[in-house]
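Visitor: I am new to this structure. Please take me through a single part of it closely, and then show me where that part sits in the whole.

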Amino acid sequence: MNKRIAGKLLNCYQQLAEAAGLRLNEEEGTMYGTYGGYQMLVHPFVSGSRAYFYMLTVEIAAQARDSSLTKQDCKIYKKEHRNVSSLAQNQNLITMTLKSTSNQEKLRAVFLEELQNLTSYLRLKGYENCCQLCGKTGEDTSPCTISGFYAQLCSDCFQNVSQSAILAQQESRAAGENVIGGIVGALLGTLIGVVCIIILSQLGYVAALSGVVMAVCTLKGYEMLGRKLSKKGIIISCILMIVMTYAGDRLDWAIVVARELAWDVFTSYQAIPWLLQEFIIEPSVYWGNLAMVYVFLLLGAVPTIISTLKNKKIQGTITRID
Ligand SMILES: [Zn+2]
């Protein structure tokens with residue numbers, strides 16, 4: 001996940017790892033190793049793009065010969081262990097998340113206690129460590145991240161996944177970008193944005209919100225028809241959305257003018273600079289409104305661009321944690 005940890009948190013994790021006899025990967029902020037006879041991976045709880053550093057998730061790749069944890073089992077377990085916020089089995093992966101505690105001493109005590117409880121419970125149920133992907137038992141697994149997701153794999157699976165990751169990377173590089181397609185996609189996206197500006201504004205809602213729609217639709221439009229969103233694509237999309245936002249906002253005013261003065265929309269659109277000059281449209285209102293839409297455009301564009309660039313970086317990568 002590349003959530004580099006530092007300072008107080010690093011110190012806290014070092015102590016946690018030491019207490020449990022696990023090793024710490026400072027780069028990833030994850031602990032790994034064997035506890036109670038089970039190989040495991042411990043990392044901050046992740047929801048969406050947020051990591052909760054004082055809410056630990058324990059992952060154990062294991063299976064029992066002829067049973068798996070049912071929802072009912074997990075529910076009962078949770079009820080009996082009040083520090084556990086969730087326990088689940090998904091195929092060969094058992095995941096336990098502990099409730100958040102920022103008190104370091106308490107966190108350590110709870111962590112050790114719940115590791116003890118979980119491993120005893122799994123042993124009682126006849127669970128045996130296995131590869132998360134193929135389920136092979138009796139072999140040590142390597143903790144790793146695949147495209148940003150954690151996994152514990154046997155050596156065969158690790159090799160297979162590494163190979164396909166390399167292939168996927170090569171393919172995506174070879175696929176190339178279709179700039180013309182991207183521009184068409186981005187233009188279609190801006191049209192949705194323009195329609196949104198006009199409809200929202202004519203309905204009397206804050207037109208600024210449509211800036212977010214404009215930004216997201218333009219970038220997604222480029223990505224869909226251009227096959228991928230490169231830096232070039234981002235720049236093209238940004239220029240298009242800035243121009244089209246201006247045009248959309250001006251068209252929105254033109255519709256109002258057309259209605260008020262019984263002109264046609266085209267004439268009204270062309271007359272906007274003159275109407276501003278003559279103070280028939282209050283310039284501060286006009287430009288203020290446009291500035292608002294631009295602010296929201298930025299609000300929509302920045303997170304979309306950041307998440308696109310970030311996803312590209314971790315897409316198709318496999319990293320060993322140990
Ligand atoms: Zn395997």
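Guide: Start with a pair of strands. Strand 8, residues 142-146, is joined to strand 9 by 5 bridges, and the two run antiparallel. One of the pairings can be named: Ser142 has Leu153 of strand 9 as its bridge partner. Keep in mind that this is a predicted model.

Now look at the loop between strand 7 (127-129) and strand 8, where Gln132 has its place. Is Gln132 buried or exposed? Gln132 counts as buried, because its relative accessibility is 19% and the cut-off for buried is under 20%. Leaving out residues up to four places away in sequence, Gln132 touches Ala61, Asn92, Leu93, Tyr150, Ala151, Gln152 and Leu153. Leu153 is also the bridge partner of Ser142.

Another element shows two faces. Helix 2, residues 71-80, has Asp73, Cys74 and Tyr77 as its buried residues. They are on the same side of helix 2, because they cover an arc of only 95 degrees around the axis. An α-helix has 3.6 residues a turn, so residues three or four places apart point the same way. The face of helix 2 turned away from the buried side carries exposed residues: Lys71, Lys75 and Lys79. Strand 5 (84-90), strand 6 (93-98) and helix 3 (104-124) are among the elements that cover the buried residues of helix 2.

Step back to the whole chain. The protein chain has 9 helices and 10 strands. Its radius of gyration is 27 Å, well over the 20 Å that the globule rule gives for 322 residues, so the chain is more spread out than a compact globule. The C-alpha trace spans about 80 × 45 × 40 Å along its principal axes. The chain is divided into domain 1 (3-168) and domain 2 (179-314), with 46 Å between their centres. Of the 322 residues, 44% count as buried. Among contacts with a separation of 6 or more, 62% are between residues 24 or more positions apart.

Note on methods. Residues are numbered from 1 along each chain as its sequence is written. This is a predicted model: local features need pLDDT of at least 70, side-chain atom pairs count only at pLDDT 80 or more; totals for chains, interfaces and linings use all residues. Side-chain values use heavy atoms; hydrogens and water are left out. Domain bounds come from an automatic or database domain assignment. Two strands pair if DSSP finds at least two bridges between them. Helices (H or I, at least four residues) and strands (E, at least two) are DSSP runs, numbered from the N terminus. Buried means under 20% relative accessible area, exposed over 50%, partly exposed in between (1.4 Å probe, protein chains only). Contact means heavy atoms within 4.5 Å. The arc is that of the directions from the helix axis to the C-beta atoms. The radius of gyration is taken over C-alpha atoms; the globule rule is 2.2 Å times the number of residues to the power 0.38.
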